[in-house]
Amino acid sequence: MRGVPPCSSRSKSRSGSRSRSGSGGSREGGGTMVPPSQYGIKYAGHIISSHFGDLVAKVCECLLRRGPLTHQNIVRFTEMSASQVKNCLLVLIQQNCVQAFSVEHPGGVGDTSRRSTEYLALFDNIIHRMRFPKFVAVVSQELDKECVELFQGLLQHGRLTLEKMIDRAKSGQEDSTAQDATREALSKLANARFVEHCPDPEPHLSPPSEEAPARKRTKSSKMVAEPETIEERVLAAATPMEAKRFLIIFDTTTEEDGQKTGDSFLGVGEKRKSDALESNKELGSDGEQVLWRVNVQEFMHRFRHKACVENVRERLDGGAAVALSAMLEISKSMEKKVKTDNSVPLSINTIYEEVMKGEAGRAMTLDHLRASLVMLGCEKGVDESYKIDLKNIIEQAQNEEVESIVLKRYGQEAYRIFRLLSKANCLLETGKISDTAFVDKKEISKILFRLWKDQFLHMEKIVVTGPRQTQFLLWKVDKTTLWPHVLDEMYHAVLNLNLRVAYELEKENELLNLPIEKRSGPLEKRYNRLRTVRLLLESSLMKLDDAIMLFHDF
Amino acid sequence: MCALSLYSVTAMGKRKRPDSKVPALSMTEQEKIVYNLIQSKQDLGIWSRDMKRETSLPNNVVDKSLKSLCSKGLIKEVVTVWSKSRKHFLASEFEPSSEITGGKWYDQGTLDTEFIDFLKDQCLKHIRNMKIATVDMVANAVRRSRVLKNDCSSQEIGEIVRALILDNDVIEMRSNGLGEFASVPTGRMCYKCRRSPDATKEPRVGAMASIPCGVCPQIANCAPGGVISPMTCEYYSMWLDF
């Protein structure tokens with residue numbers, strides 16, 4: 001990639017302004033939803049505005065800034081008409097960017113409780129819209145052209161029933177061909193978990209005390225279970241049961257009796273659910289009417305694995321990447337959540353079998369595999385089973401991304417200082433940092449203060465009283481505040497890249513509309529420049545989005 | 001009192017050398033005050049400004065006394081690591097503490113980056129040759145190469161190796177005694193180069209650091225329509241100058 005020209009300082013660095021921290025969505029925990037960060041919201045608003053217009057973006061940003069609201073309150077805050085807000089909400093719900101839910105509000109003295117519908121903006125799903133080309137690339141690699149086309153249709157429309165998918169495919173084809181091809185494509189996509197049933201359109205959210213207990217305790221029994229955020233509670237209430245999420249029921253009509261019978265792709269023990277579906281047919285929830293949408297969780301799962309493998313390849317070597325890739329491939333089906341801290345324990349023989357399947361692993365000996373697993377830092381269990389700490393790999397990748405920023409922005413000495421404090425994970429005194437990082441004692445304070453001012457370091461003062469009062473400054477890398485700050489800067493940067501692409505294209509709009517035969521001489525040169533610029537900006541966008549996924553921890 | 005103090009042993013164990021040539025009685029009263037204060041600070045010495053405050057003597061008196069004591073060889077001026085311009089004084093019989101000189105890596109109050117970089121290169125070269133090495137192995141290799149006038153201790157080489165880790169040139173691992181770690185006892189910390197010497201590709205630059213916004217010191221002040229904006233950004237213009 002083309003190097004970035006060195007920055008000369010324009011003026012003195014900013015003083016003390018703090019951006020709103022927060023990584024977005026429900027990541028922070030706590031009893032109420034933590035709003036996305038300042039530039040997270042701006043970026044999300046830009047996406048919605050580009051795709052659906054300013055009115056829809058206004059409603060969306062209102063929900064992102066204020067949290068879940070009723071229709072009435074959205075009207076009040078946006079100062080739009082009721083019908084406008086309703087239409088915008090319909091678009092956002094259709095596109096899986098908003099989830100409705102109902103809540104019970106206790107009445108006053110003598111009044112009964114009342115139920116109202118509120119709308120929750122789904123920040124993550126909005127940001128995922130910029131990843132659609134990456135999703136399509138994954139599907140293209142694994143499935144056929146018909147699946148890709150169907151998948152693209154789901155991306156475009158947000159959610160579709162099988163009936164609508166068939167209608168869409170029918171244009172220019174005979175009915176039965178389109179129907180069979182569409183069903184087959186949908187089956188393949190569902191089996192691969194690229195698509196899923198849409199969530200409940202309006203789940204009811206009980207008051208927290210009435211619901212199931214908060215999330216399970218972590219392995220450390222001393223930690224208190226975190227209360228769920230409202231987004232997590234809504235999504236948990238709305239998400240279909242795991243068994244139903246990928247269930248396909250096709251209605252077939254037999255000639256003899258004209259009765260519809262259901263052919264279903266059922267897993268073991270699913271008959272009870274099939275009966276429940278049968279009983280709901282009159283409500284239009286039979287196979288043809290089930291709403292389907294893209295299952296982003298599957299893609300995030302794959303991207304997380306890919307990021308881990310690439311980090312290991314860059315940081316260690318190809319052998320370690322092959323070993324990790326094999327382990328993740330085996331445990332893929334066993335992992336229920338995207339964010340699994342550790343892979344499942346796997347025997348050396350199981351890993352080796354998987355390694356041998358790939359071209360890169362065929363020449364690998366068992367000893368080489370063992371050495372790679374050691375290099376990966378795998379935890380070795382009984383009977384030579386291995387387990388990898390994925391959380392550690394993700395953290396290392398995140399560290400490298402931030403260290404790269406520090407190096408480019410502040411220089412080599414700041415880089416050493418930052419790495420020292422990041423590894424130490426505790427407060428260190430100025431002198432100690434100076435000695436260990438080999439930074440001149442006359443220069444160290446200047447660099448530390450600069451990093452502190454830009455929120456890369458946390459600082460504490462200690463005053464020692466005695467015959468003479470002495471002040472010591474202690475420094476630390478505090479990832480709980482720094483990581484959200486970096487993520488917010490990334491949202492800012494990705495928004496800037498988007499704006500610049502739009503600006504460059506708009507600037508040359510006439511040139512783009514010019515027929516090719518009329519582009520010659522200087523016009524040809526300008527056109528080629530525009531093409532190169534666009535390529536650079538858009539590839540930077542894709543790479544920065546990878547980094548955003550990394551910091552959001554997928 | 002001056003004679004007694006000349007023979008006493010300091011808390012640091014540095015025995016003051018009696019100097020029969022010291023004309024103890026040739027000092028003025030002010031000079032004695034200044035000299036005693038400097039001597040009491042032993043190997044830490046004292047800044048002239050602090051002297052003026054602690055003795056409450058007029059500035060010109062202190063300055064004159066310092067000049068006189070220097071010319072008599074009783075005290076010496078040293079360069080401190082905090083500021084080259086700061087006048088810092090020690091009694092002649094003391095060697096300045098590392099706290100004021102900066103320690104072994106400082107020369108005349110400035111970090112000796114040339115020497116440090118040279119040592120880093122040497123250590124990196126030996127680690128690369130040995131593929132996997134402990135600090136002691138690296139220190140021995142440096143000693144055997146005889147590139148240094150004065151040998152560095154294992155502790156000093158260890159400091160250099162840890163700086164190489166911070167530079168991300170070297171990675172630290174714990175030996176399991178097998179394979180490439182066979183030469184290192186199990187459980188010992190050892191080091192290997194992060195990249196091979198003939199690696200043509202540069203270390204990977206992060207996605208954020210690869211774009212102007214990632215390295216911009218003004219990102220917090222940047223906004224569409226603002227004085228600094230992505231549309232008018234000069235760094236973007238330079239980056240996209242094809």
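Predicted model: local features only at pLDDT ≥ 70, side-chain atom pairs only at ≥ 80, totals over all residues.
## The chain as a whole

Chain A has 554 residues, and 47% of them count as buried. As for secondary structure, you'll find 23 helices and 15 strands.

The mean pLDDT for chain A is 83, and 81% of the residues get to 70 or more. One stretch to watch is residues 6–33 of chain A, where pLDDT is below 50. The model still gives that stretch 82 contacts beyond near neighbours in sequence.

UniProt, in an unreviewed entry, lists residues 43–102 of chain A as "RNA polymerase III subunit RPC82-related helix-turn-helix". In the model, that span is 73% helix and 12% strand, and its end C-alpha atoms sit 28 Å apart.

Further along, the unreviewed UniProt entry has "DNA-directed RNA polymerase III subunit RPC3 winged-helix" at residues 402–470 of chain A. This one comes out at 62% helix and 14% strand, with 33 Å between the end C-alpha atoms.

## A nonpolar patch on the surface

Which residues form a nonpolar patch on the surface? They are Ile462(A), Val464(A) and Phe472(A), and together they have about 220 Å² of accessible area.

Take Val464(A) as an example: it belongs to strand 14 of chain A, which covers residues 458–464. Val464(A) has a relative accessibility of 38%, so it counts as partly exposed.

## A valine in a loop

Val344(A) is in the loop that links helix 14 (318–331) and strand 10 (346–347) of chain A. Is Val344(A) buried or partly exposed? Its relative accessibility is 24%, and the buried class needs under 20%, so Val344(A) counts as partly exposed.

What about its spacing from Leu328(A)? Val344(A) and Leu328(A) are 16 residues apart in sequence, and their C-alpha atoms are 8.9 Å apart in space.

Notes:
Residues numbered from 1 in each chain as written. Chains lettered and ligands numbered in written order. Heavy atoms only, no water. UniProt positions renumbered as here; feature names shortened; annotations may be inferred. Helix = DSSP H or I, 4+ residues; strand = E, 2+ residues; numbered from the N terminus. pLDDT = per-residue confidence, 0-100. Contact = heavy atoms within 4.5 Å. Buried < 20%, exposed > 50% of the residue type's maximum accessible area, 1.4 Å probe, protein only. Patch = residues over 30% accessible without salt bridge, like charges linked within 9 Å, V, L, I, M, F, W, Y side chains within 5 Å. Areas by Shrake-Rupley, 256 points an atom, 1.4 Å probe, with all protein chains shown as cover. Salt bridge = Lys/Arg side-chain N within 4 Å of Asp/Glu carboxyl O.
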